Amino acid sequence: MTTTTSARPARPRRPARASGAGRPSWDEPPSPAGRAVKGLILALIAAAVVFPVYMVVLTSLSTQETVTRAGGLVTVPGELSLAAYQELFAGGVVTRAVVVSLAITTTGTALSLVVTVLAAYGLSRPGSLFHRPLLFMVLVTFLFGPGMIPNYLLVSSLGLIDSYWSLILPTAVSAFNLVVIRAFFMNIPGEMIDSARVDGAGEFRILWRIVLPVSKGVVAVIGLFYAVGYWNAFFNAVLYLNDSAKWPLQVVLRQYVLQGQSLVVGQASDTIAGRPLPPSLAIQMSIVTIALIPVLLIYPFVQRHFTKGVIIGAVKG
Amino acid sequence: MLRNGTGTGPAGDLTSPAGTGTSNNVGSTAEKASGGGRKPRRSPAPGPDRPFLARLRRDWPLLLMTLPAAGLLLVFHYVPLLGNIIAFQDYSPYVGIADSPFVGLSNFQWLLQDQSFWDATLNTLSITAFQLVFYFPVPIALAILLDSVMWPRLRLIIQGIVYMPHFFSWVLVVTLFQQMLGGAGLVSQILRDHGGQGFDLMTNPDTFLMLVTAQTVWKDAGWGTIIFLAALAAIDQNLYEAAAVDGAGRWRRMWHITLPGLRPVIILLLILRLGEALNVGFEQFFLQRDAVGREASEVLDTFLYWRTLTTGEWSYGAAAGLVKGLVGLLLILVANRVAHRFGEQGIYKRS
């Protein structure tokens, strides 16, 4: 579809330097020394991000002997094994936490996306009925939050304490995400929408058939934002879930890795006389890896959309 | 475009009886010309001057779409906003908001006399100030560095890498730092292996300020470059060319073209940061409070949590939250006015 490209928010094209082109002719090439320094800095920055993640994943995949020989995190691959993961997924705290986190993330993201996209479209037409007060109502939430205590009292008076909905509903709509999608929708050429309307399409149909197909990128990015928010949800769970059997992964991660508490995994195979052992480093690092995996998996697919839709929308909004 | 004319209007309008006076093909200003225009009374500018019912008939699908989000915001933002009334009460959950006695401003009086409140405020402000100097410039420098990478593939890869930690949770980031810099972490381990002394940055209150700033840089500096990269991309390349032709070197071009080009964005973000001076993040400090102790790590948000949610002094906590929120609002408004004074756009426009 040619319309796909035309519907992207138009940016003044930069003269001279298209994004893919190399060095313009008037620019003198940098000195070899300068080039080397720059390369070194970039390599160090990249390593600072990648290296810790690499070590964590590697340690989680190493056998107990390899970890012991390394005396801590494993930096050089030795003998590999999936033992830690097998143990974690044999049932028990971590298995349950993963299921809880996955369920909250998928439910919450679906709900948030639907509600946010609908509202973004509903608010994308200036001059429609109640447009200004409704938009104002959304934007005010940027400026002033209600605060932790009243939030807690509300959730508790709604009877949502120890309910998974307490991790979804209060954070279901983000004004920022709404405004970003709305800005994108408003940049879609009016002719596309008008011609659909002339053809007899209603608003829901226009949104589904015309607007959403050209907005896949921004919706994917906002979906990632929401999903990451739910997957990473930590404090709300501490606040609203008293029942430790309901804890999502981040809380478990804190409990057993950051605070190094004992952990009952699997079928109590790692208990001595009923007392659980402190988790081994490999097990701890597998929990960290499990918390990392969804981000690492989804991220590459969404990354290319970051600058295109979202930021421009954010700047304009 | 003769196919339809007004024959089949928007789905919602088909059911409504004809003769409402307004065309079915309403809803957009740009529509005109195409739709046949049989009905003479179609108003060219749908807007506030139309009768309410006609607008409702035209816009109800839009309202319906906005309804769920508006409802959620109403319940989970505006209702608790009203709940702040307990800041002026001696609230007890057993009695309820309606029946709890009003106590005027006494909660606020206590708050202002509470030394731990001022300690938390001081901690918060020093973290903000420290990060303003040691965090804020990092994304700008990183963006300029990234923008200077001429090989697009390489640039994309590095961007992908440095954005990523933004999506890690604070639990994860703190855990990773603990594994690197903690007492049993990698760095101490290497030092010990080479006859040196180990150290534990994760429990040292004296270096806590640097630790949290390093964590923030690691997590968010890469993501922070996005907005600067967009601003860099918008700078007119002809300026660079003209300057280069006139003999300006790389560094002079950066000073005289790049930085002025980034100025509006830098000021905008500076304002946003100042407006958020009382918000330094919650989970990061909540997670590390046990390890480094209250003196160094208590910020306003953790103060709120420990002082009230764990003790049940709701009214006191609401008062503290309200003070924090109002001061934050004031800061944003002031910062924005200052931005206008400097001729910059700010976060909202002067109307």
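# Notes on a two-chain model

User: What does UniProt list for residues 121-335 of chain B?

Analyst: An unreviewed UniProt entry gives "domain: ABC transmembrane type-1" for residues 121-335 of chain B. UniProt positions follow the numbering used here, feature names are shortened, and annotations may be inferred rather than shown by experiment.

User: Before we go on, what sort of model is this?

Analyst: It is a predicted model, in which local features need pLDDT of at least 70 and side-chain atom pairs count only at pLDDT 80 or more, while totals for chains, interfaces and linings use all residues. Residues are numbered from 1 along each chain as its sequence is written, and chains are lettered from A and ligands numbered from 1 in the order in which they are written.

User: What are the ipTM and pTM?

Analyst: The ipTM is 0.85 and the pTM 0.83.

User: Back to residues 121-335 of chain B: how much helix and strand?

Analyst: That span is 76% helix and 0% strand, with its end C-alpha atoms 19 Å apart. Chain B as a whole has 15 helices and 0 strands. Helices (H or I, at least four residues) and strands (E, at least two) are DSSP runs, numbered from the N terminus.

User: How many residues of chain B touch chain A?

Analyst: 88 residues of chain B are in contact with 89 residues of chain A, contact being C-beta atoms, placed from the backbone, within 7 Å. Helix H2 (residues 52-83) of chain B gives the largest share of chain B's side, 19 residues.

User: What classes of residue are on that side of chain B?

Analyst: There are 57 nonpolar, 25 polar and 6 charged residues. Ala, Val, Leu, Ile, Met, Phe, Trp, Tyr, Cys and Pro count as nonpolar, Asp, Glu, Lys and Arg as charged, and the others, Gly among them, as polar.

User: Which stretches of chain A carry the "transmembrane region" annotation?

Analyst: The unreviewed UniProt entry covers several, including residues 40-61 and 165-185 of chain A. Residues 40-61 of chain A are 95% helix; residues 165-185 of chain A are 52% helix.

How values were computed:
Contact = placed C-beta atoms within 7 Å.
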